[in-house]
Amino acid sequence: MKNRIKVLRAERNMTQEELADIISVSRQTINAIEKEKFDPSLPTAFRISKLFNLPIEEIFFYQEAESVKER
Amino acid sequence: MKKERKNKMYRLAAWTWSWVATLAIATFGPKFIWDNHTFLTTFAILVNLANGILMIIANRNFFNELDELEKKIHLESMGITLGLAVIFGLSYSLLDQLNIIKGNAEISYLVMFIGISYFTCMLINTRRYA
């Protein structure tokens, strides 16, 4: 799943540590989400959405896996 | 959150050390301290058992304090470690039963194997998501 967290965070001059503290996760988790190595849970996605004051679909973009597309 | 997490981590560390200490007392006490007194030996084992249960509760409390990615890393590591422990443990036991290895299969080797497997899995998984 792609996301715009890094851009939104940079626009607000926020560090990964600060964002992590606000939404109650570790800095490593924010880093993994930004690098698209880990998809956050629904509650975390909602907390991020609320923090940036944007709907979830404007922050996260679902991409179907290649194997699913081919079916 | 961070303070609470640190507290739970320290509590887990304290119960782990306490469990190791009571295990050592229950193991070496009968021979070196109380001369195989049955009541004291049974009491030492019960104290060790109670400590072990409290250590598990502390571990569960610490685990619940982790965030979703950390839980995923730990769960994957636990799953792989459990699988490895069952497979290698039974093979090791079989080697002993068929007298292919010298001496008896010791549970302590399995415990060491579990510790090393879990640590290695944690390192690999942590790097994967770094």
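Q: How many salt bridges does the rule find across the interface of chain B and chain A?
A: Across that interface the rule finds zero salt bridges. To count, a side-chain nitrogen of Lys or Arg would have to lie within 4 Å of a carboxyl oxygen of Asp or Glu. Please keep in mind that this is a predicted model, where local features need pLDDT of at least 70 and side-chain atom pairs count only at pLDDT 80 or more, while totals for chains, interfaces and linings use all residues. Residues are numbered from 1 along each chain as its sequence is written, chains are lettered from A and ligands numbered from 1 in the order in which they are written, and side-chain values use heavy atoms, with hydrogens and water left out.

Q: How do you know that chain B and chain A are in contact?
A: Contact means heavy atoms within 4.5 Å, and ten residues of chain B meet 15 residues of chain A in this way. There are also five residue pairs in polar contact across the interface, both partners at pLDDT 80 or more. A polar contact is a pair of N or O atoms within 3.5 Å; within protein, one must be able to donate a hydrogen and the other to accept it, and residues adjacent in sequence count only if both atoms are side-chain atoms. Helix 3 (residues 68-97) of chain B gives the most to the side that touches chain A, with four residues.

Q: What makes about 960 Å² the buried area of chain B and chain A?
A: Buried area is the accessible area (1.4 Å probe) that two parts lose on being put together, summed over both. For these two chains that comes to about 960 Å², with 52% of it on carbon and sulfur atoms. In chain B, Glu68(B), Leu69(B) and Tyr129(B) lose the most area to chain A, together 47% of what that side buries.

Q: Where do the two domains of chain B lie, and how far apart are their centres?
A: The bounds come from an automatic or database domain assignment, which gives domain 1 (1-65) and domain 2 (67-130). Taken over C-alpha atoms, their centres are 22 Å apart. Four residues from domain 1 of chain B and six residues from domain 2 of chain B take part in the contact. The two domains bury about 430 Å² between them, 60% of it on carbon and sulfur atoms. Arg5(B), Phe63(B) and Asn64(B) supply 80% of the area that domain 1 of chain B buries against domain 2 of chain B, more than any other three residues.

Q: How do you know that Glu70(B) and Arg5(B) form a salt bridge?
A: Their closest N and O atoms are 2.7 Å apart, so the pair meets the 4 Å rule. The count between domain 1 of chain B and domain 2 of chain B is one salt bridge.

Q: Why does Ser117(B) count as buried?
A: Its relative accessibility is 8%, so it counts as buried. Ser117(B) lies in helix 4 (residues 107-128) of chain B. A polar atom of its side chain lies 2.7 Å from the backbone oxygen of Phe113(B). Leaving aside neighbours within four places in sequence, Ser117(B) is in contact with Thr81(B) and Leu84(B).

Conventions: Helices (H or I, at least four residues) and strands (E, at least two) are DSSP runs, numbered from the N terminus. Buried means under 20% relative accessible area, exposed over 50%, partly exposed in between (1.4 Å probe, protein chains only).
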